[in-house]
Amino acid sequence: MPSDPAWSSIPPHARQVFLCTGPRCVARGSLALWKTLRRELLKHDRIETPEGVLLTRTGCQFPCNLGPVLTVYPDACWYRVRDDQEVKQLVDGHLVAGAVVAHLLIGARAGGSPDA
Ligand code: FES
């Protein structure tokens, strides 16, 4: 079995973002949004940096009717991002400025709180 030493370390990050790539979110465009999300984070040098984001694609996160679903931890914020413009708003607002983007929020778990 191949083994790379890099596969033994946790990448630096302040937040982990989980974008749903389950079947219903894919049908709503989440795979294209993944590319936009990566591009926007790279613009801000926020991928796998100490103040940045560890990006993870997931299967169904369950509130399919509200998708495409994107969650941000440890802030426990659940978002719906429908197009490139909303992805940019999410990146600029929550993932760079550290502020909840209220108009995209579909829910939040008690105990989560962004830095700002
Ligand atoms: S497929 Fe994304 S929440 Fe179910």
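**Exercise 1.** Are D75 and R15 buried or exposed?

*Solution.* The model is predicted: local features need pLDDT of at least 70, side-chain atom pairs count only at pLDDT 80 or more, and totals for chains, interfaces and linings use all residues. Residues are numbered from 1 along each chain as its sequence is written, and side-chain values use heavy atoms, leaving out hydrogens and water.

Step 1. Take the cut-offs: buried is under 20% relative accessible area, exposed is over 50%, and partly exposed lies in between (1.4 Å probe, protein chains only).

Step 2. D75 and R15 are buried.

Step 3. D75 forms a salt bridge with R15, with the closest N and O atoms 2.5 Å apart; the term requires a side-chain nitrogen of Lys or Arg within 4 Å of a carboxyl oxygen of Asp or Glu.

Step 4. The pair links distant parts of the chain, 60 residues apart: R15 belongs to strand β1, and D75 to the loop between β3 and β4. Helices (H or I, at least four residues) and strands (E, at least two) are DSSP runs numbered from the N terminus.

**Exercise 2.** Find the separation of E40 and K43 in helix α2, and classify each by accessibility.

*Solution.* Step 1. E40 and K43 form a salt bridge, their closest N and O atoms being 3.0 Å apart.

Step 1. Because E40 and K43 are three residues apart in helix α2, about one helical turn separates them.

Step 2. E40 has a relative accessible area of 4%, so E40 is buried. K43, at 58% relative accessibility, counts as exposed.

**Exercise 3.** State the strand order of the open sheet, and identify its edge strands.

*Solution.* Step 1. The open sheet has five strands in the order β2-β1-β3-β4-β5, with mixed pairing; strands pair if DSSP finds at least two bridges between them.

Step 1. The edges are β2 (53-58) and β5 (105-108), each pairing on one side only.

Step 2. Inside the sheet, β1 (residues 15-20) pairs with β3 (residues 69-73) in the antiparallel sense over four bridges. F18 stands opposite T71 in β3.
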